[in-house]
Amino acid sequence: MWTQVYDPVGGALFSALLAGIPLIALFYMLAVRRSKGHHAALVAVVLSAALAVGVWGMPLGIAVNSFLYGAAFGLFPIIWIVVTAVWVYNMTVESGEFEHLKQSLASLTDDRRLQAIFIAFAFGAFLEGTAGFGTPVAITAAMLVGLGFKPLYAAGVCLIANTAPVAFGAIGVPIIVAGQVSGFSDMTISAIVGRQLPFMSVIVPLWLCVLMCGFKRSMEVLPAIAVAGVCFAGSQFLFSNFHGPTLPDIMSALITIIGLVILLRVWKPANVWRFEGEDSAASALEKAGPINMGVVLRAWSPYIILAVMVFLWGLPQFKNLLNAIPGSVITFGWPGLDGMVVKTAPIAADSVYGAKFTFNWLSAGGTAILLAGLFSVPLMPGYSFGKAVSCFGRTVVQLRFPIVTIAMILGLAYLMNYSGMSSTLGIAFTMTGGLFPLFAPLLGWLGVFLTGSDTSSNALFCGMQRNTAEVVGMYPELAVAANSSGGVTGKMISPQSISVATAATNMVGQEGDLFRFALPHSLAMTVCICVLTWLQAGPLRWMLP
């Protein structure tokens with residue numbers, strides 16, 4: 001067994017700077033060099049391994065196994081979700097059904113601003129609430145590209161839209177994990193997050209429109225922006241405070257979708273906005289005229305089935321039922337890692353850092369999407385299961401580089417976690433003393449950047465958030481909630497999320513461009529959450545439950 005060391009060079013700040021080298025390299029490769037995702041990930045992994053073994057004193061065998069453990073988690077369940085989601089989209093394109101889906105959306109609205117709000121923000125939030133773990137970005141980004149969005153904008157818009165719902169994603173799992181790790185009631189954490197994120201949720205639709213067309217043109221669709229923002233933020237506040245962490249995303253998304261559909265039945269923007277140079281294509285779509293409602297339902301059926309399946313798979317009772325089937329869950333300790341690493345103070349009282357890999361092939365979100373795709377095949381005219389299988393093979397080939405990138409990024413995150421390097425970075429933030437409320441969300445942001453998951457970030461840092469808050473005199477429940485709220489703004493620049501987005505939009509190799517696109521928005525939103533948390537720890541303390 002090996003015991004983690006958090007200050008290997010005799011200075012917490014210098015140790016943190018060393019621990020940050022792989023992340024700095026990742027930033028540099030993506031933002032400055034505009035390198036391909038798998039190239040940037042490889043550089044970060046090599047640097048992290050060298051530091052873990054050479055400076056933190058981690059045995060080489062344990063370092064290798066921690067990387068492989070993370071890479072395996074990247075392959076399942078995350079890549080399993082991405083591959084199946086893109087496969088469903090590819091089938092709808094090959095069968096011709098996506099053309100009918102585009103026409104149905106054009107009949108509702110052919111304005112790119114409203115399509116972004118409807119699909120990236122509202123429908124994406126529903127998918128985040130039901131499945132999470134990359135599903136919403138993979139599906140909505142592919143849909144927007146199919147509608148005619150430029151790939152960079154489709155990917156960027158979906159990443160930015162996928163902020164407001166992240167903390168309550170996957171039926172509230174991030175908040176539930178935060179409660180388990182910190183020892184606080186998940187209802188209390190849900191209520192505090194529900195008094196932070198609605199301030200972000202209400203402006204995200206406006207943020208998306210300004211990003212696409214500027215403030216002046218965004219005012220042309222102010223009614224839709226207001227309906228989407230108020231419906232989502234208001235529902236998010238009510239359900240998070242009076243029901244709990246499981247339903248805020250799902251109900252907020254459904255209420256927002258209903259609100260937008262009703263609005264678009266009685267109001268249309270005076271001027272239709274499209275991307276420059278696509279007017280002729282859009283006009284051709286309009287000239288196709290109205291289509292039969294039966295054809296519309298058939299075109300949407302793969303996504304309707306997908307939404308229902310993902311919702312069912314997200315219900316704890318249904319998931320438990322699937323997991324109870326013999327052979328549906330295979331759990332084992334990761335060889336050479338499980339029981340080999342010991343956490344120590346100040347991260348935790350001496351305790352073994354477990355490494356259990358769970359292969360729940362039946363209850364995994366990707367399996368729900370796979371079944372949705374199979375159930376959809378008979379509904380696609382002229383399509384067959386043979387064509388579906390061939391399409392699946394082509395999808396795997398199409399995603400070969402994102403698969404490698406995601407596996408390496410998760411391997412990097414787990415290597416940094418098991419070596420103690422992530423904890424070294426976290427400890428550096430705790431040195432801010434009375435300013436800790438301003439920096440608490442940054443820990444969540446860092447955790448999500450590392451892992452691509454608000455759930456994983458909460459598991460990594462929420463215990464430390466509570467301990468540090470109690471030492472510096474901050475309301476500890478607020479610190480734990482801020483970890484989750486701050487984490488949502490790191491999702492859009494997480495290499496894992498960027499790899500998913502580039503895979504869905506056929507931008508493989510352009511991860512650096514997308515990272516540069518999303519980075520300013522991530523930083524701006526993070527500053528907003530940091531300032532709000534600092535105010536709620538002081539003059540706005542009355543806002544907390």
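A: In this predicted model, D338 is partly exposed, with a relative accessibility of 26%. Its salt-bridge partner is K356, and the closest N and O atoms of the two are 3.0 Å apart. D338 sits in the loop between strand 2 (330–333) and strand 3 (341–343), while K356 belongs to strand 5 (residues 356–359), so the pair ties together parts that are 18 residues apart in sequence. K356 counts as exposed, because its relative accessibility of 52% is over the 50% cut-off.

The structure holds six salt bridges. Another of them joins the side chains of E94 and R394, at 2.7 Å from N to O. This pair links distant parts of the chain: E94 lies in helix 4 and R394 in helix 20 (residues 385–398), 300 residues apart. E94 is partly exposed at 41% relative accessibility, and R394 is partly exposed at 46%.

Helix 4 (residues 60–95) also contains S95. S95 is buried, with a relative accessible area of 16%. The side chain of S95 reaches the backbone oxygen of T92 at 3.2 Å. Leaving aside residues up to four places away in sequence, S95 touches M380, P381 and Y383.

A further salt bridge is formed by the side chains of R113 and D111, at 2.5 Å from N to O. R113 is buried, with a relative accessible area of 0%, and D111 is buried with a value of 0%. D111 and R113 are linked with R217 and E220 in a network of salt bridges.

Terms used
Residues numbered from 1 in each chain as written. Predicted model: local features only at pLDDT ≥ 70, side-chain atom pairs only at ≥ 80, totals over all residues. Heavy atoms only, no water. Helix = DSSP H or I, 4+ residues; strand = E, 2+ residues; numbered from the N terminus. Buried < 20%, exposed > 50% of the residue type's maximum accessible area, 1.4 Å probe, protein only. Polar contact = N/O pair within 3.5 Å; in protein donor to acceptor, adjacent residues only side chain to side chain. Contact = heavy atoms within 4.5 Å. Salt bridge = Lys/Arg side-chain N within 4 Å of Asp/Glu carboxyl O.
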